Amino acid sequence: MRAEIQNYVTQIEKSLELLAQRMDKETAPHRLEEFDARVEDPNLWDNAEAAQKLMRERQMLVDSMETYNSINRDMADNIELIEMGEMEDDAEVVAEAEESLSALADKAAKKELEALLDGEADSNDTFLEINSGAGGTESCDWASMLARMYIRWAEKKGYKVELQSESAGEEAGIKSAAYKISGHNAYGWLKSESGVHRLVRISPFDSAAKRHTSFTSVKVYPVVDDNIEIEVNPADIRIDTYRSSGAGGQHVNTTDSAVRITHHPTGIVVTSSEKSQHQNRDIAMKALKSRLYQMELDKRSALVNEAHENAGDAGWGNQIRSYVLQPYQMVKDLRTSHETSDTKGVLDGDLDGFMGATLALDVSGKSRAEAQGN
């Protein structure tokens, strides 16, 4: 078997290994039998919420088992075809099977990434906040570029993007913006983006065409499910109404209905500037609960704290990723060392490679490939 074909097989086998670990392959059939027995209980739907949760968990297990078995079966079938083609000196059969193995390796890698999204809130919708940092007008422009990047990424995923609030920059761009991004695993994908993003480029605002460095922070929080109780003491919050200061037009409403909620114990501030003040209160309160929920998740998970820490200011020393447009083209993640020279693609929303590399970090902070000694 040629080295290239063997390489595809090795990639698929590694993906299958992770898929097997994630679903605990040895116990999966037994757990499915237990699920099936509980589904047949005539009293199951007496508690609709518990029943729906059970059905979701069962379906996730079924999907995991079917994915593993399908990939494993297709790999074996194509290997058999290649061996037969080589024995009969049929180059066409070998070429077709090799092409199928290549496509299967890509499919397995995608399923491997999806399997990494198994955290408590990974399947939830998410709030994404962008705040300009050191760099003035440059930073505000960079913030708007990041907003466009994430919107493009979300659109490619088929996610729904809703602008929650926006504050325009004095000369260009935005000082801050908050979005709700809805879709399966939206939080699981985007949680790795929390941190400071650094841009190096020739400034379009500098008549001397000098190179500038700008910083913008990104914060990501899961939208809290209705069945998760987050207690907020009314005495701990202050609710203010104000006239929003966004860009206007189709993006931001400029009425006195905007709402700001300040949570005194944590210092968290959330805003919403839709048309209805009542709607804004609901949106802002949900955003606050999501922030508080994220704090609780961080306390429970050392990995989340290590991989997604973003407590510092948006400036030197706190960045997770650098985007260099001059004097050369490169985007590099400082946590995983994943990099690419396709800066245009990244700024157009091609982020899965960076997100996947961060998701694959294990508790030691090394990538899975590094942990395996590759």
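The model is predicted, so local features are kept at pLDDT of at least 70 and side-chain atom pairs at pLDDT 80 or more, while totals for chains, interfaces and linings use all residues. Residues are numbered from 1 along each chain as its sequence is written, and side-chain values use heavy atoms, with hydrogens and water left out. The protein has 11 helices and 11 strands, and its largest pocket lies between domain 1 (3–116) and domain 2 (126–226 + 318–370) because both give residues to the lining.

**Overall make-up**

- Helices (H or I, at least four residues) and strands (E, at least two) are DSSP runs, numbered from the N terminus.
- Of the 374 residues in the protein, 44% are buried; here buried means under 20% relative accessible area, exposed means over 50%, and partly exposed is in between (1.4 Å probe, protein chains only).
- The protein exposes about 19,600 Å², with carbon and sulfur atoms supplying 46% of that; the areas come from the Shrake-Rupley method with a 1.4 Å probe, and for residues only the protein chains shown count as cover.
- Take the contacts (heavy atoms within 4.5 Å) between residues at least 6 apart in sequence: 63% of them join residues at least 24 apart.

**The largest pocket**

- Its volume is about 1,300 Å³.
- A pocket here is an open set of points on a 1 Å grid over the protein atoms alone, where a 1.4 Å probe fits and there is protein on both sides within 12 Å along at least five of seven lines; lining residues have an atom within 4 Å of a point.
- Grid points are joined across faces, edges and corners, and the volume is the space filled by probe spheres set on the points.
- The lining holds 31 residues, and the closest to the pocket centre are Arg56, Met60, Leu117, Asp118 and Ser123.
- Helices H1 (3–23), H2 (28–39), H3 (48–87) and H4 (91–116) are the elements that give two or more residues to that lining.
- H3 provides the largest share, 9 residues.
- By type, the lining splits into 12 charged, 10 nonpolar and 9 polar residues; Ala, Val, Leu, Ile, Met, Phe, Trp, Tyr, Cys and Pro count as nonpolar, Asp, Glu, Lys and Arg as charged, and the others, Gly among them, as polar.

**Buried spots in and around the strands**

- Val270 sits in strand S8 (residues 268–272) and is buried, with a relative accessible area of 2%.
- Setting aside neighbours within four places in sequence, Val270 touches Val259, Arg260, Ile261, Ala284, Ala287, Leu288 and Arg291.
- Gln319 is in strand S9 and counts as buried at 17% relative accessibility.
- Gln319 and Arg198 are 121 residues apart in sequence, yet their C-alpha atoms are 6.3 Å apart.
- Beyond neighbours within four places in sequence, the contacts of Gln319 are Val196, Arg198, Phe215 and Leu334.
- Ser203 belongs to the loop between strands S4 (195–202) and S5 (211–222), and this loop residue is buried, with a relative accessible area of 5%.
- Once neighbours within four places in sequence are left out, Ser203 is in contact with Glu138, Lys210 and His212.

**A mostly covered helix**

- Helix H10 (residues 352–359) has 6 of its 8 residues buried.
- Those buried residues of H10 are Phe354, Met355, Gly356, Ala357, Thr358 and Leu359.

- Gln326 and Pro327 are joined by a cis peptide bond, with omega about 10°.
- Pro327 falls in the loop between strands S9 (319–324) and S10 (330–333).
- Asn185 isn't a glycine, but its phi is positive, near 70°.
- You'll find Asn185 in the loop between strand S3 (174–182) and helix H6 (186–190), buried at a relative accessible area of 9%.
- Ser337 also has a positive phi, about 70°, without being a glycine.
- Ser337 is in the loop between S10 and strand S11 (339–340), and is partly exposed at 46% relative accessible area.

Methods:
Domain bounds come from an automatic or database domain assignment.
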